[in-house]
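Student: I would like to take a close look at one part of a protein and then see how that part sits within the rest. Could you take me through it slowly, one step at a time?

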Amino acid sequence: MLPITSLFRRCLGALLLMLLVTQGALAADIRVVTSGAFTEAYKKLVPMFEAATGHRVISSYGASIGNAPDSIPSRFARGEAFDLVILSEGGLEALMRDGKLVPGSRVDIVRSQIGAAVRKGTPKPDISTVAALRQALLNAPSVAYSASASGTYLSTELFAKLGVQERLAQTGKKILSERVGAVVARGDAELGFQQVSELIYFKELDFIGTLPDEVQQTIFFSAGLVQGAQQPELARQLLGFLTSPSVAEIVRATGLDPVAPRPEGTAK
């Protein structure tokens, strides 16, 4: 992990640009809600944006889909106000269809893959091939998976494809409102699956690896401007920074693959 001084240095170009753009503007609050996969990168980058611009980012977190009280769809259903939302592409498109987001404002930020982990010091099953993954799922006494995008894919598609859905009906645990890694770390499940970026920061876990390519689901995590946002222009500036090539290495270090921005680098 890069030291904070190095992170600032690598982002200097983007930050100086933002200083020029926002020079003379009054400090303001930007309200953002983001889902788990982008959280680690987001938490590294937002303080840099705040330091450079003087604006304050007020952050909320929740799953991309589902009806957990803190999920992003539930937050919108309650009428919580945001300027920018970051979540899985499927979740974003659902909000777009519901009229919650500005049409045409979607910007893909990163690609994310699903991985697996066990509690540190416990046996690490082989998941390197489809056959090995199937056997690992059959053997595990308990398997935790997210209630959000990755877990929906596992429970509605992959388990059936592998022919393990009957076993997982007994051993599977859908995790609401917390990270799968936390459940595995405290011993409440032997094997856990979630986006790589949500697993690799648990020191109590041993990361096993990603799903085999043949059954992997690569998900875009995307941003959109919220209808009725109080700070749409500042939200665009923040999004431009989050997708800047200057911060790509920081994002990549969190287990995500940055997506090259549109030519303008911001939402329309």
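Student: Which residue forms a salt bridge with Glu-40, and how far apart are the closest N and O atoms?

Tutor: Please keep in mind throughout that this is a predicted model. The partner of Glu-40 is Arg-179, and the closest N and O atoms of this salt bridge are 3.2 Å apart. The pair links distant parts of the chain, with Glu-40 in helix 3 (residues 39-53) and Arg-179 in the loop between strand 7 (172-175) and helix 9 (180-185), 139 residues apart. Both Glu-40 and Arg-179 are buried, a word used here for a relative accessible area under 20%. Side chains of opposite charge can pair when their charged atoms come close.

This salt bridge belongs to a set, for the structure holds 12 salt bridges. Another of them joins the side chains of Arg-78 and Glu-80, at 2.7 Å from N to O. Arg-78 has a relative accessible area of 48%, so Arg-78 is described as partly exposed, and Glu-80, at 28% relative accessibility, counts as partly exposed too.

A further salt bridge is formed by Glu-93 and Arg-106, whose closest N and O atoms are 3.0 Å apart. This pair also links distant parts of the chain, since Glu-93 lies in helix 5 (residues 89-97) while Arg-106 lies in the loop between helix 5 and strand 4 (107-112), 13 residues apart. Here the two partners fall into separate classes: Glu-93 is partly exposed at 28% relative accessibility, whereas Arg-106 is buried with a relative accessible area of 18%. The value for Arg-106 puts this residue among the buried ones because 18% is under the limit of 20%. Both residues take part in a network of salt bridges that links Glu-89, Glu-93, Arg-106 and Asp-108.

Helix 5, which carries Glu-93, leads us on to the sheet, because this helix lies across strand 3 and strand 10 (219-225), running at about 130° to strand 3. The sheet is open and is formed by six strands in the order 2-1-3-10-4-11, with mixed pairing. Strand 2 (56-61) and strand 11 (257-258) stand at the edges, where each has a single partner strand, so one side of each is left without a neighbour in the sheet. Strands of a sheet pair through backbone hydrogen bonds, either parallel or antiparallel. Strand 1 (residues 29-34) and strand 3 (residues 84-88) run parallel and are joined by three bridges, and Val-32 stands opposite Leu-84 in strand 3.

If we follow the chain from strand 2 into the loop between strand 2 and helix 4 (72-77), we find Gly-62. Gly-62 counts as buried because its relative accessibility is 11%. Leaving aside neighbours within four places in sequence, Gly-62 is in contact with Thr-34, Ser-35 and Gly-36, and also with Asp-70, Ser-71 and Ile-72. Gly-62 and Pro-73 are 11 residues apart in sequence, and their C-alpha atoms are 8.7 Å apart in space.

Now turn to helix 6 (residues 130-139), in which Ala-132, Leu-133, Ala-136 and Leu-137 are buried. Seen down the axis of helix 6, these buried residues fall within an arc of 135°, so they line one face of the helix. The face turned away from that buried side carries the exposed residues Ala-131 and Asn-139. The buried residues pack against strand 6 (143-146), helix 7, helix 8 (165-171) and strand 8 (191-195).

Helix 7 (residues 149-162) is where Ser-150 is found, and Ser-150 counts as buried because its relative accessibility is 2%. Apart from neighbours within four places in sequence, Ser-150 is in contact with Ile-114, Gln-194, Gln-195, Gln-217 and Ile-219.

Buried residues make up 52% of its 268 residues. The chain exposes about 12000 Å², of which carbon and sulfur atoms supply 53%.

How values were computed. Residues are numbered from 1 along each chain as its sequence is written. This is a predicted model: local features need pLDDT of at least 70, side-chain atom pairs count only at pLDDT 80 or more; totals for chains, interfaces and linings use all residues. Side-chain values use heavy atoms; hydrogens and water are left out. Helices (H or I, at least four residues) and strands (E, at least two) are DSSP runs, numbered from the N terminus. Buried means under 20% relative accessible area, exposed over 50%, partly exposed in between (1.4 Å probe, protein chains only). Contact means heavy atoms within 4.5 Å. A salt bridge is a side-chain nitrogen of Lys or Arg within 4 Å of a carboxyl oxygen of Asp or Glu. Two strands pair if DSSP finds at least two bridges between them. Axes are lines fitted to C-alpha atoms, for helices over the stretch in contact, and angles run from 0 to 180 degrees between N-to-C directions. Accessible areas come from the Shrake-Rupley method with a 1.4 Å probe; for residues, only the protein chains shown count as cover. The arc is that of the directions from the helix axis to the C-beta atoms.
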